[in-house]
Amino acid sequence: MTGIDPRISQTRAAVGEAVRALLVDEGWDAVTHQRVAERSGVGRNTVYRHFPDRLALLAHGGNFVDDGHHAPITGDVRADLAAELRCFRRELFDGVVGTVIAAIFERADRDPEVAPLRDRLVEMGAGQTFDLVRRGMTDGLIDPDRDVADVVASLCGPVLYARFCQGRRPTDEAIDRIVDSQLRPG
């Protein structure tokens, strides 16, 4: 199997960065093929060839390609959940992820075509948390009769609330308490 042509990878990376920057700097309506081409330095025809419609552009902009978005798995479910929430906190507060999430989630409420994009972002962003919760249930650390999605919401919800409602970064101690609140005592 051969790898992707480096020029294609560079084009896709530049387009993704441009989409995210436009969302953050100017908002939803600024993300057009023309503006992405200008911002990325990629020709407009090339942008159209790779991303034939606006939704494809936005989906690619929400596709964060580097590995820094998730914590490495150590096998200690409690420690791994806390590390993953710390990564989530970092992404929400220090990068463009919080702004991109807000823009896409807000638009998904009004535009049913954007809802699958929102769902894909949630799957990409919270997939590792879902896996860790399932492992915690298998290992007996989390009540296996609970709904996995409810546990994930109880873990991620306070971090989202802190970002979007309080504008205040949760401390490491707060994250530890959030994780501990979902584990079985003992």
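I looked up burial first: 39% of the 186 residues of the chain count as buried. The model is a predicted one.

Next I listed the secondary structure. The C-alpha trace spans about 60 × 45 × 30 Å along its principal axes. Among contacts with a separation of 6 or more, 63% join residues 24 or more positions apart.

I then checked how α1 and α4 pack. Helix α1 covers residues 6–26 and helix α4 residues 54–61; their axes lie 8 Å apart at an angle of about 95°. Angles of 65 to 115 degrees count as roughly perpendicular, and α1 and α4 are therefore roughly perpendicular to each other. On the α1 side I recorded Arg 12, Ala 13, Val 15, Gly 16, Val 19, Arg 20 and Leu 23, which meet Leu 57, Leu 58, His 60 and Gly 61 of α4. By class, the residues of this contact are 6 nonpolar, 3 polar and 2 charged.

Last, I went through α2, residues 33–40. Which residues of α2 are buried? I noted His 33, Val 36, Ala 37 and Ser 40. They sit on the same side of α2, because their arc around the axis is only 100°. Just after α2, I noted a positive phi of about 80° at Gly 41.

How values were computed
Residues numbered from 1 in each chain as written. Predicted model: local features only at pLDDT ≥ 70, side-chain atom pairs only at ≥ 80, totals over all residues. Heavy atoms only, no water. Axes fitted to C-alpha atoms, helices over the stretch in contact; angles between N-to-C directions. Helix = DSSP H or I, 4+ residues; strand = E, 2+ residues; numbered from the N terminus. Parallel < 35°, antiparallel > 145°, perpendicular 65-115°, else oblique. Contact = heavy atoms within 4.5 Å. Nonpolar A, V, L, I, M, F, W, Y, C, P; charged D, E, K, R; others polar. Buried < 20%, exposed > 50% of the residue type's maximum accessible area, 1.4 Å probe, protein only. Arc of directions from axis to C-beta.
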